[in-house]
Amino acid sequence: MNADIERVLSSQALASRFVQEHSLVPPVDVHALVAEYADILEQPILNSPDIDAVLLGLDSGDRRILLNGNRAPTRIRFTLAHELGHIALGWHIAHELVCEPEESDPTVLAPRDSRQGQATADRRRQEREANAFAARILVPAEFINAIRALPVPEMLVRLEDAQVSAYVGLRVLSEELPAGYVFALREKDDNRVECWWTSRTDVHSSHPYAVPGIRKGQAVDSSAMGHELQDSGWAHHQGRLVWWGKTRTTIEVPEGTSNWREIRDEILSEVCSSSDSKTSLMQSLGGVVGNLKPISQDIESIASELKMRLERKSANDGAGPMADFVAHDQFLPFVYAHARSTLENKKRKKPRRRTSDQQDGAGLSKSPGF
Ligand SMILES: [Zn+2]
């Protein structure tokens, strides 16, 4: 896995432990929480359009947050949680950090500007990690778990309890829900898509597969989506309009399915006309399903995610071997067999529980200079 993604994931994992230790439930009283770790000073001098906060004393323990109070309340909450992220993520060490935390469009990672060198790249990575931490503090995974069974419009109403922007809430929602959900935020005063998210894809490193029918700057075209929608609609969320869709992902689990490699090879021999096209399709399949990191122990949800990824790839590629693969009558047995193998591998590799004295950084000290 990409090292940047790994660090974002470990930022999220630390946030989850922080949530448990502090029993955080939305709406998190982030002001009181952060005040346990740093002095918060609202600074009129910081009321600049470009700066949300300056964190001082990260290297000394005498930590102070100079906060731009001239922001929307949800943004101030996110900024405070972001600064807490810098404090909690022990590898963020600096005398002074100038922050502009909230990503306006989380589907796009800040581009690397080689002219600005390694220092800037490190700072951007720290900002992303602090953002990932902040989002999981304000919108804990447990909270999403508690609302995930609701109809989507109700889920979006409950999500408002977290008091975060639509960008942050929808991002965490899409990271935690099982595969099959699509959310598109409508531009203000316009019918076009400003930003969109799909559930359980690699949202950390930009979307690997676009959803046909959803394009930034265009209206949602649900008829072009390439897979059947079980349900969809518009919902109000944080004063914005959100289009949501849920694809049909329920899989009939076939009995007595054999090894997925055997099923794959059987399909390949029927849909590929040459060994080159077979090699190329195998690479595509590996690229789509190879990096699956299921958090669920539930085979149906793993199979749904695999099915969704492959269907999306097929819809994006258009007519060709991948489309033939997905249309093959052994496709679902392949998906199920692969999901079962993924689940068995996951159980085999399950790490041992760590004891409390092995924790690295979760026991965040409140005393200066921890
Ligand atoms: Zn920052």
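This note goes through a predicted model point by point, from overall content and confidence to single residues.

1. Overall content. The chain holds twelve helices and eight strands. Of its 370 residues, 37% are buried. Among contacts with a separation of 6 or more, 69% join residues 24 or more positions apart.

2. Confidence. The mean pLDDT of the chain is 80, and 80% of the residues reach 70 or more. Helix H2 (residues 30–35) has the highest confidence, at 97, and helix H10 (residues 299–317) the lowest, at a mean of 80. Residues 104–115 stay under 50, and the model gives this stretch 14 contacts beyond four places in sequence. A further stretch, residues 201–209, is also below 50, with 22 contacts beyond near neighbours in sequence. The contacts of residues 104–115 and of residues 201–209 should be read together with those pLDDT values.

3. The four-stranded sheet. Four strands form an open sheet in the order S1-S3-S2-S4, and the pairing is mixed. Strand S1 (39–42) and strand S4 (96–99) each have a single partner strand and stand at the edges, so one side of each lacks a neighbour in the sheet. From one strand to the next, the twist averages 15°. Strand S2 (residues 53–56) pairs with S4 in the antiparallel sense, over four bridges. Leucine 56 has glutamate 96 in S4 as its bridge partner. In general, the strands of a sheet pair through backbone hydrogen bonds.

4. The S5–S6 hairpin. Strand S5 (residues 181–186) runs antiparallel to S6 and is joined to S6 by five bridges. Valine 182 stands opposite threonine 198 in S6. Six residues lie between the two strands of this hairpin. Is strand S6 (residues 193–198) largely enclosed, or largely open? Five of its six residues are buried, so S6 is largely enclosed by the rest of the structure.

5. With 5 other C-beta atoms within 10 Å, aspartate 189 is exposed. Asparagine 191 belongs to the loop between S5 and S6 as well. Asparagine 191 is exposed too, because its count of other C-beta atoms within 10 Å is 11, and the cut-off for an exposed residue is 12 or fewer. Leaving aside residues up to four places away in sequence, asparagine 191 touches Arg186 and Ala219.

6. Helix H7. Eleven of the eleven residues of helix H7 (residues 166–176) are buried, so the helix is largely enclosed by the rest of the structure. The buried residues include Arg171, Glu175 and Glu176, as well as Val168, Leu170 and Leu173.

7. Glutamine 163. This residue lies in the loop between helix H6 (152–159) and H7. Most residues other than glycine have a negative phi. Glutamine 163 has 19 other C-beta atoms within 10 Å and is partly exposed; the reason is that a buried residue needs 20 or more.

8. Helices H9 and H10. The two axes come within 9 Å and cross at roughly 130°, which makes H9 oblique to H10. The crossing is right-handed. On the H9 side, Ser284, Val288 and Val289 take part; they meet Leu306, Arg309, Leu310 and Lys313 in H10.

9. Serine 277. Helix H9 (residues 275–289) contains serine 277. Serine 277 is partly exposed, with 14 other C-beta atoms within 10 Å. Which residues does serine 277 touch, not counting residues up to four places away in sequence? They are Cys272 and Pro321. Proline 321 is 44 residues away from serine 277 in sequence, and the C-alpha to C-alpha distance is 7.7 Å.

10. A cis peptide bond. The bond from proline 26 to proline 27 is cis, with omega near -5°. Proline 27 sits in the loop between helix H1 (3–21) and H2. Most peptide bonds are trans.

Notes
Residues are numbered from 1 along each chain as its sequence is written. This is a predicted model: local features need pLDDT of at least 70, side-chain atom pairs count only at pLDDT 80 or more; totals for chains, interfaces and linings use all residues. Two strands pair if DSSP finds at least two bridges between them. Axes are lines fitted to C-alpha atoms, for helices over the stretch in contact, and angles run from 0 to 180 degrees between N-to-C directions. pLDDT is the predictor's confidence in each residue, from 0 to 100. Two residues are in contact if their C-beta atoms, placed from the backbone, lie within 7 Å. Angles under 35 degrees count as roughly parallel, over 145 as roughly antiparallel, 65 to 115 as roughly perpendicular and the rest as oblique. A crossing is left-handed if the near helix is turned anticlockwise from the far one by less than a right angle, and right-handed if clockwise.
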